2 protein chains.
Amino acid sequence: MANQAEGAAKPTVALDGFGAERGFGVLADAARRAAAEGIRLRIFGPPDQLGLEGVEGVEVMPTSEWIGNEEEPVAAVRSRPESSIVRAARDVAEGGAGALATVGSTGAAMAAATFGLRRLHGVQRPALAVLLPVPGQPVLFLDVGANVEVRPQHLVQFAFLGAAFSEAVLGIPRPRVGLLTVGAESGKGTPDVVEAHRMLAAAQGIDFVGNLEGGDLPAGVADVVITDGFTGNVALKLMEGTAKVVTGAIRDAARSSPIAATGGLLMRPALGSLRREFASDTTGGAVLLGLRSAAVVGHGSSGAEGVANAVRLAARCIEQRAVERTAELLRSAHATRGDLAERPDAAERIEA
Amino acid sequence: MANQAEGAAKPTVALDGFGAERGFGVLADAARRAAAEGIRLRIFGPPDQLGLEGVEGVEVMPTSEWIGNEEEPVAAVRSRPESSIVRAARDVAEGGAGALATVGSTGAAMAAATFGLRRLHGVQRPALAVLLPVPGQPVLFLDVGANVEVRPQHLVQFAFLGAAFSEAVLGIPRPRVGLLTVGAESGKGTPDVVEAHRMLAAAQGIDFVGNLEGGDLPAGVADVVITDGFTGNVALKLMEGTAKVVTGAIRDAARSSPIAATGGLLMRPALGSLRREFASDTTGGAVLLGLRSAAVVGHGSSGAEGVANAVRLAARCIEQRAVERTAELLRSAHATRGDLAERPDAAERIEA
């Protein structure tokens, strides 16, 4: 990886040292866990609060400014170059670390990464991807909020970005890619979605399995599901909300009578493992794809294990050469087809 | 209701006599149940298969043609005036019945109703609404697929259509209306959604509670939730799919060990009532709003009770004067504001 320090045997992750809703202790615990597994960390936060001096493999870069969830991300990132997320992104851009991890504001992370890290050649719009906590094989779902409006060629780029990540980081040999829309037939959806379907059906280098409907998403019928950032954001939060309401209703059902309560008690261990399968903590969070370094955004409500998983995912992106492999897939696609990027020259100019 | 036969004390529903996946017996059973409750039925289907001769309050209108799920709805509706759904819609338009009910193709039902029944004054785009089977107070959600692309003023019309239906048919005094998007702040979403928010915040006659995110939908924080037909269709199917996957995973958890199995057995009665709460059969299906008569579209997989619920919902729309009350709310909104319909004159011309 170009941005990774030369000769470093261990992956180095730049971790935002602010933004954990449960406090600095969670970040510090996560850093200790990741460091114990051989991941090097550069944490941008307050040394006194983190209390990590002397921990092998962990370097605290003293930082006192940060960007909160309630701030307008683009303006905040532009005006606060010394804030933790902007410094962490700059550290990755300058080669101090190979990837970025944060559990702070998603908007600030996207803005800092998009401004601070360059886009891959041919990528016009970086996309935010999540691993849906579907029981069994998780599904990579993008875009979940980086772009509320997209054009057909952006959806096609998302397909390539998702497929490359799925193969490189998740180890799925030839990921099946589906397009989220309102019906299985190729003519279903908005004109932009119909056009994206046509382009994807003709694209080389990915295994496009066609249109998917909302109900297919939790059923795991594809490895990668692509959509625009508006639909994706609504869908992601809806899935999380529905799973919560259903499991809550089951908890209520278990309390509805003494007999049901006994049943609930007996089922508790089995339900506990189910809860873990659906918990977003276990997947490490969202990944911003399409940049020259990986950026992982975990939930602000994460515990130490959730933050550690975000760091592990960032480290895995470095180790598996996720960015290089994505670039290779995009290059081979560009070599065979010209319509991947509508105006590759314009994208190139912005990038340079 | 203009289209309802003068002086009829009992509501009369035109029922499509085809389209039930479980066969004609389901339709006939549903007709008997609804008729026993005082609903008059005119069923457009094959008399021999339905076997309803002599049933009090049920009239079979012999029909042998129908439109299937796999057909292109608009072309089929235009070319087959004698098909059951087109004849049923025509019957409502001509005053034979006061509302339409079907469990056949949703697309054909929308096309037949939109072509056959006139739109309410000021409504440019009829919308398909469903009652989400959320535990507790159900949520009216629209549009779930009639319009894959909408403009801001269409979303505003959906808000009025949904609020009027919620108040008239569901009996909710002053329904809270929310706009589905990607964040709580008024600036979140596509430019069209942001503009719709601005218009809704200024609108008279409805209780606009602001933006909702995907996770708010199953939580029941509003009585009516509006969105475009693309997002709505994906969201509806995703909710159904997620509830199915989660309950399936719980069933699997209950089978994972003899102790858990015993627990599952003890919880069965409580879980059964939960399953009923989430079952789409109990809500009667989707309703096409914005026309001068109500049109209810139930699930093709419905059993007799599901079909009967679709008929009951159609009858309730007649009894509660849903269409008249919607027209009143739209009129009062038009009287106070001019931006509800972008081009009311053009809409008027198409309608006439």
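Which residue of β2(B) is the bridge partner of B:D16? Select B:D16 in this predicted model and follow the bridge across to β2(B), where the partner is B:F44.

Then colour strand β2 (residues 40-45) of chain B by burial: five of its six residues are buried, so the strand is largely enclosed by the rest of the structure.

**An arginine in a loop of chain B**

Next, select B:R119, which sits in the loop between α5 (106-116) and β5 (127-132) of chain B. Because its relative accessible area is 13%, under the 20% limit, B:R119 counts as buried. Show the side chain of B:R119 together with the backbone of the residues that follow, and two polar contacts come into view: one goes to the backbone oxygen of B:V123 at 3.1 Å, and another goes to the backbone oxygen of B:Q124 at 2.8 Å.

**Backbone geometry in both chains**

Now turn to the backbone, beginning with the peptide bond that joins A:L142 and A:D143, which is cis with omega at about 0 degrees. A:D143 belongs to the loop between β6 (139-142) and α6 (152-168) of chain A. Moving to chain B, select B:L142 and B:D143, where the peptide bond is again cis, with omega near 0 degrees; B:D143 lies in the loop between β6 (139-142) and α6 (152-168) of chain B.

A further backbone feature is found at A:R321, which is not a glycine and yet has a positive phi of about 50 degrees. This residue lies in the loop between α10 (304-319) and α11 (322-336) of chain A, and with a relative accessibility of 39% A:R321 counts as partly exposed. In chain B, select B:R321, which likewise has a positive phi of about 50 degrees without being a glycine. B:R321 is placed in the loop between α10 (304-319) and α11 (322-336) of chain B, and is partly exposed at a relative accessible area of 39%.

Over all chains, the structure holds 26 salt bridges. One of them joins A:E37 to A:R312, with the closest N and O atoms 2.8 Å apart. This pair links distant parts of the chain, since A:E37 is in the loop between α1 (24-36) and β2 (40-45) of chain A and A:R312 is in helix α10 of chain A, 275 residues apart. At 47% relative accessibility, A:E37 is partly exposed.

Another salt bridge to select is that between A:R90 and A:E82, whose closest N and O atoms are 3.5 Å apart. Both ends can be coloured by accessibility: A:R90 is partly exposed at 30%, and A:E82 is partly exposed at 40%.

**Where the chains meet**

Bring chain B back and select the residues in contact across the interface, which are 48 of chain B and 48 of chain A. The area buried between chain B and chain A is about 3,900 Å², and carbon and sulfur atoms give 83% of that area.

Two salt bridges are counted between chain B and chain A. In one, the side chains of B:K237 and A:E213 meet at 2.2 Å, N to O; in the other, B:E213 pairs with A:K237, the closest N and O atoms being 2.2 Å apart. The latter pair crosses from B:E213, in the loop between β8 (207-212) and β9 (224-226) of chain B, to A:K237 in helix α8 (residues 229-254) of chain A. B:E213 is partly exposed at 22% relative accessibility, and A:K237 is also partly exposed, with a relative accessible area of 22%.

Polar contacts can be displayed next, as six residue pairs across the interface of chain B and chain A meet the rule. On the side of chain B that touches chain A, α7 (191-202), α8 (229-254) and α9 (258-278) of chain B each supply at least two residues, and α8(B) gives the most, with 19 residues. Finally, colour that side of chain B by class to see 29 nonpolar, 15 polar and four charged residues.

Methods:
Residues are numbered from 1 along each chain as its sequence is written. Chains are lettered from A and ligands numbered from 1 in the order in which they are written. This is a predicted model: local features need pLDDT of at least 70, side-chain atom pairs count only at pLDDT 80 or more; totals for chains, interfaces and linings use all residues. Side-chain values use heavy atoms; hydrogens and water are left out. Contact means heavy atoms within 4.5 Å. Buried area is the accessible area (1.4 Å probe) that two parts lose on being put together, summed over both. A salt bridge is a side-chain nitrogen of Lys or Arg within 4 Å of a carboxyl oxygen of Asp or Glu. A polar contact is a pair of N or O atoms within 3.5 Å; within protein, one must be able to donate a hydrogen and the other to accept it, and residues adjacent in sequence count only if both atoms are side-chain atoms. Helices (H or I, at least four residues) and strands (E, at least two) are DSSP runs, numbered from the N terminus. Ala, Val, Leu, Ile, Met, Phe, Trp, Tyr, Cys and Pro count as nonpolar, Asp, Glu, Lys and Arg as charged, and the others, Gly among them, as polar. Buried means under 20% relative accessible area, exposed over 50%, partly exposed in between (1.4 Å probe, protein chains only). Two strands pair if DSSP finds at least two bridges between them.
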